[in-house]
Every structure is written in C-alpha cells, then in structure tokens.
Amino acid sequence: MIFFKNHALIKIFSILTFLLSMLLWVYLDGVYEKLEDKYKADVINHNKLQYSIIERNLLNTKKDIKYISSLYKYINDEQKYLADDKKEIFTNSIVRLMNSKKVYSQVRFLDISGQEIVRVDYKNAQCEVIDNAKLQNKSSRYYFQESLTLKEDEIYISKFDLNKENSKIEVPYNPTMRLSTPVTNIKNEIVGYIIINYLGKEILDEIVSQDKAIKTLLLNKESYYLLGFNKEEEWGFMFDNNINFKGKYPYLWNEAKEKESFTLHYKNTEFSFLLINPVEIVSPDREVESRRMWKLVSYISHDKIWEDLFAYIDSIKFLLVGFIFAILVFSYVISIYIRKEKEAHVRMEIADEVFNNTIEGVMVLDAENKILQVNKAFTTITGYKEEEILNKNPRVLKGKFGESKEYYKKMWDAINEENYWHGELINQNKNGEKYISKLSVGTVNRDGMVLYYIGVFSDITKERESKDKLKRTADALEKSLSELKSAQNKLVESEKLTALGQLIAGISHEINSPLGAIKSSSENVLDSIENILIDIPLLDKALSQREKELFKSLKESIPFEISVLSIKEQRTLKKKLKEQFESMGIENSRFYADKFSQFNIEDITEFKDLILHKEAKLIIDALFSEYLIVSNVHNIKRSVDRASKTIFALKKFAHFDHDRDGSIEKLEDLVNNTLILFSHNLKQGVAVVKEYKDLDAIFCYSDELSQVWMNLISNAIHAMDNNGTLTVRLDEDEAYQIVSIIDTGIGIPLEIQEKIFEPFFTTKKSGEGSGLGLDIVHKIIEAHDGKIELNSDENGTMFKIYISKNIEG
C-alpha cells in the first residue's frame, strides 16, 4: 500500500496501461506472424499456379503438334488423294487449328533435307499460307539440326528467345519457342518434321495477369530474365548484356539454382523458387538430357504485411480507445478503494499493536469456545505458541491443577447471562507448571447472539516465580555441565553441530517457503469449500433435472488433474473459447473465456444451455470453486514434498550414531541429501553440476560420510565466495567408489596444501572455523579404508575421495 500512498490514480492508470500495451504488443505480434505465414503460403501457391499455367500451355502445344504429325501421316498414307490434294487438305487443317488456337505464329512441315514443304504464318489475327516459291531450306538452322536427333514420338523444344527475321530481332519483340517432332510414313520411317513456333507472349501475358500483390519472374538456366522486374531487364542474353537475376541477387541464385523448390526471406522480401523442365513436360521419355531449365520466382515485399497490419490496427482503434477509457474508470474506482483500505489498515495496525504489545495475555474464542487468536503475552505466560493452541478449547490450559467442574460451570453461566466475568483461575502452562491467573472475560454480541468471547489475564504467581527461576537455572547449569563433558569426547559431533548451525538460516527458508504456500492454499481451500456449501443448495433449486445432468457432464469434462499451459497456448485457447461464446450471443464472452480456459476445456458448445442459463454466473462460480480446491490441494502436496525432502536430509545429517553401526547405502543418496541442506546457499550464485555414474550400494558409516560431504561442500562454497560452479562426480574402479568435489574458487596455495589436514590448522578468520574439519574428514576416510587426494591451483580445487568397496562391518 505504501507504493500507492500518493497519486494512486496516476500510478494505477500507468501500470494498467503498460500491461495493456504489453498484451496488445503480444497480440499484434501474433497477428503479424499469421499474416507472414499466410503470405509465405500464398507465394508458394502462387508459384504453383504459374507453373500450372506454363504446364497447361506446353501440354496443349504437345497435343497439337502430335495431332498435326499424325494428321500428315494419315493423309499421306491415304491412296485416294492426289499429292496436291493431300497437301491442300493438310494445309487447310493447319489453318483451322491456328485460327482456333491463336497462339502459334508459324507451323511448318520440313522434309528430311530441311526443305519447307508447308508453311503457314499467323499475323494480325490472320493465317497466311506461304507460296511454294517462297518456301526456304532450313537445314542450317539449329532447331532443325537438333531435331534430326529425335526418335519417333519424341518432341524437341528450343530455347525461349526472341524471334528473328533475316538475322535481326523482330520488332516489336516476339518471344518464341519452337517445338518439333518427327513425321513417319506407314513403314515408320521418318519423312520430315513438324515445327511449331509458339507465341511465348501468350504464356507471359497469362502469368502477368495473375500477378497482384505477389509478382512473378521467369528466368532461364543462366538466370536471364524472360519475365523480369521491368521490361528493360528482359532478354538480356539476346543483347549481350549482363542484366540478370544472378548479378542482382548472387546469394539467392547460388542457394536456389540447384534446387527444385526453395523459399527464403531476403532483404525484406519473401522469395519462392520453382524449377521448370519444359522438356520433361512435353517429352518425358526423351533420352537426350534436357538443356531447357527455367526458374519461376514469385515474390512479395514485407511492406505489404505491414500495410495489412496497420489496416487491422486502424479497424480496432475505437476498441482500443474504449479499453483506455475503461482502464481510466477502473483506476479511479481502485484508487478510491485503496484510500479507504489504507484508512482501515491504519486502524487495524493500531488495534493490532495494542493487542500484541499489552502485558496481559489475551485470547479470542468463537461461539463454540474454540481459540481463534492469542497475543504475545499469552504465549509468554502459558508457554503455548499460537499455532499450537489455535482451534482448541481453553480447557487445555486447565491441566491437573485446574478448578473444579462446578467452578467452571458458574463462570460460564455468569458470562452467558451477564456477558462478563472477572476472577482468578489456577492453570497449568505448557511446561506442566502451575500458575495463578487473574482473568476478565467479555463477549461480542450481534442480534442477541454471542459471536466471540474475549479473555484478558495476567500471571499473579509472584511468590513462586523466584523459586521456579532458581530451579530452571540449576537445571540449565546441570545440562550445560553434561553437555561440556559430552563435548570433550565428541569433537566430530561438535563439528557437525557447527555446520548444522551454519545451515539453519537457509534450511529455515527452505521449510518456511512451502509452509507459507500450504497456509495460503489451505485458506483458499476453506474459502472455496464455504462458497460451494452456499452455491450447491442454490444450484439445486435453480436447475431442472436435465440441467443438473448437463451440469454433472460439464464437471466430469473438466480435467481436474492440473496442467500448466504456456502463455501462447492459453492465449490460443482463450481466443477459441471467446469465439464460441460470441457465436452464442453472450455479451461478457471474455469473462467466460477466462474462466473456461482455466478449466482447460476446448469445446463448450454442448453446454450451451448452461452458459445461457439465467444463473450462469452461479454455475461457473461453483465450478471454479471446485477447480480452486483441487488446484490448491496440488499446491499443498508439492509444498509438503519439498519440505519433506529438506527435513529428511536434515534428519539424516543431524542423527548421531553413538554405537557407530554401519549400513548399506548408496553414496549418491548421501551426497544428494547434503546438497539439499545447502540448497539455499547454492541458489545464491553457485551452479551445481552432477556427473553421476550409477554405483551399487556399499557398506559404510553413513553419518560420518555425511559430515565429509558437509565439510568439503561448505569449504568449496566458501572458496568460491558463493559464486561459481560446484561439480560433484561419482565414479569407481576395481577397489574403490570415488567421489570428486570440484570448485572454481581461488584454490589452495601450494605451500599450505600439506598442512590443511593437520588438526586446528585453518585459513579462515578467527571465529569462522575450528581447524578440525579436514582433520576429521581425513580420519573418517581412513576409517573407510580409503584415501583422499587434493589437486588445487588458481583455477579451483578438487578433492578426490576413495571409499573402499570391501569394508568389513
């Protein structure tokens, strides 16, 4: 509350606004990722679409050239036609095909010498049959020479380039591909070749027509542009310039050129590459290796993703303004509450100070005579701690010295009739000692009913106090003398207790933390049980029999075995549930989505009747109370396990075996118990590395070995000044099990390494060490028929302890 003492409204508003900004940032980051994934998929799909356009056009051309080839063979083998008729019929068929397709600039039939026999040109949307006098011999052309290598049914496809007329590039540019296939006679002898000049502009225009946000490039094998970023870059290989994709993006080309498909984000642009082998499309069985390789490249700038994201933000701007206004109102309400709560807190602090610091003992009872609260003076007088006396009847104070039953009956009759009583009682404190208390009892009533009894008392046994004090002093002196005699013969136990004392602060933290969690969780369980006891009768009245069965089904669908979702998983589940609630027309969909996301339920449509019920909030509150009970019980179990491990380790270490009976133990367990005792120290900056080999249990003196690990680990932490790496290694050879304890501390100077095992030698400051630790360690190891090795320099220290596998018990 001190934080909000001044300007609470501004501080709360700033905090909530910051939290909302963080949530908005996470949400918009998710929106951006979805947009990015969408456009990645769109670029790949766009490439596949463009590929299908090229494939479809090539396959149609393949079908047409096969048709023309088979038509010529059929007409040529028909005996009823004269030669001129055959040529005319064949030519007219080609004209009809070219007029219907409108994608072939030229179709020719060449004989095996390269002489044009039939040639039809398509210009300005009209077919022109070339006269015999104008027919040429094309035997020297590269496409005819390469066609000579074709076998029956194979198709040759030329490189994709600009058409030339009389060795000059035709203007306007006419992108062209030439396809040829052999023509055979009835004896399957090749008698010529059908050659089709395909208007490549048709393919390129169809590809461009599909481009919107996503653009397309078409590259040849050498990365020259057949379809480029702009017209000036295209067909560079026809003009002997080096304008190509490789020159502009060398890294991208080297990554993609050998791959059939490839996608990469590069320089704020998403690129997708797809290899096209046109020969494989039109003539997959051709034996000659393909030399026609193209690359389809689809790309989109990430600026488009940002445009879409900003458009989305603009669409929700009014919602954001509403949230900010709601935060402002909420901050104002909370600031008023904090101010009032602060005033009440001050009054409570004053009352608490008076209650705890009065010299009289005070106890508060509920209507059933159970103790609810006591003050410090109560514990001083009675000897009972607060946790020992809570929820118990005050008769526990009576002991064997208490008053008679008739006395107590008269006392309670007076209290209940007059709401007050004053007198003296003889009681017994926790130590079993009699004391006389002067007691005043009053009541707190409401509506004629007693809610609380408040008793105030003081110890008036002055004359006996001196005698009791002398007796306690004599007992303490006798105990001290006994302990001194025992200490003379038990230096090992003394050293052990010293180490235990050094650990106690850390161990108390390790126990107090789970105890605090248990207390908090227990209170939560009690609150939830109280809520359930109130809600169940209300639900029974509010729900019909069918709704009760549906409610039971809803409870059974909740996975009460607690599972922890990541932030992203919880956000996804909340969004999914919110959409379901909105589809049902529920206004407060966010509230219900928050609740059901904690239940880890993904589909709530079958429980629609309960969610739309007029008592829906009561239904959800009852479910949530049961969920909280299970969740807090799991917290209690985890806290108990944590405290149990620490207590077990402490018990094992603190145990004194005066008879020195050995036992069969695993060294791993003994070392781990010691590490648990040091867990608080290790958390402060020491990293623990465990390199354990699975070793068998051996006979040993476990209590003594625990002191070995305690001394060595304590020294290691001290040498590292609580900051470094502690490595514990378990290994073995034929005769020994070996425990190595390695630190990254300052090391032990060479000149004192031989002295460290001597009694009373220490490098610590006065009062920090007795000098007996390593001497005791050395004696314990010798008692195990073992040995200890030291290796130390400025980079750290390693103690290597050898424990015999064959000790006789």
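Which residues are buried in helix α4? In the predicted model examined here, local features require pLDDT of at least 70 and side-chain atom pairs count only at pLDDT 80 or more, whereas totals for chains, interfaces and linings use all residues. Residues are numbered from 1 along each chain as its sequence is written, and side-chain values use heavy atoms, with hydrogens and water left out.

Helix α4 spans residues 200-209, and G200, I203, L204 and I207 are buried within this helix. These residues lie on the same side of α4, because they cover an arc of only 95 degrees around the axis. The arc is that of the directions from the helix axis to the C-beta atoms. Buried denotes under 20% relative accessible area, exposed over 50%, and partly exposed the range in between (1.4 Å probe, protein chains only). Helices (H or I, at least four residues) and strands (E, at least two) are DSSP runs numbered from the N terminus.

A nonpolar patch consists of L9, F325, L328, V329, Y332 and V333, which together have about 560 Å² of accessible area. Helix α9 (residues 317-357) supplies the largest share of this patch, 5 residues. F325 is located in helix α9 and is exposed, its relative accessible area being 56%. Patches comprise residues with over 30% relative accessible area and no salt bridge, with nonpolar side chains (Val, Leu, Ile, Met, Phe, Trp, Tyr) joined within 5 Å and like charges within 9 Å. Accessible areas derive from the Shrake-Rupley method with a 1.4 Å probe, and for residues only the protein chains shown count as cover. A salt bridge is a side-chain nitrogen of Lys or Arg within 4 Å of a carboxyl oxygen of Asp or Glu.

The positive patch is made up of K34, K568, R571 and K575. Helix α16 (residues 567-583) contributes the most to this patch, with 3 residues. K34 is situated in helix α1 (residues 8-77) and counts as exposed at 52% relative accessibility. Lys and Arg count as positive and Asp and Glu as negative, while His and the chain ends are not counted; the place of a charge is NZ of Lys, CZ of Arg, CG of Asp or CD of Glu.

Backbone geometry was also examined. The peptide bond from V171 to P172 is cis, with omega near 0 degrees, and P172 occurs in the loop between β7 (168-169) and β8 (175-184). D153, although not a glycine, has a positive phi of about 75 degrees. D153 lies in the loop between α3 (142-147) and β4 (156-157).
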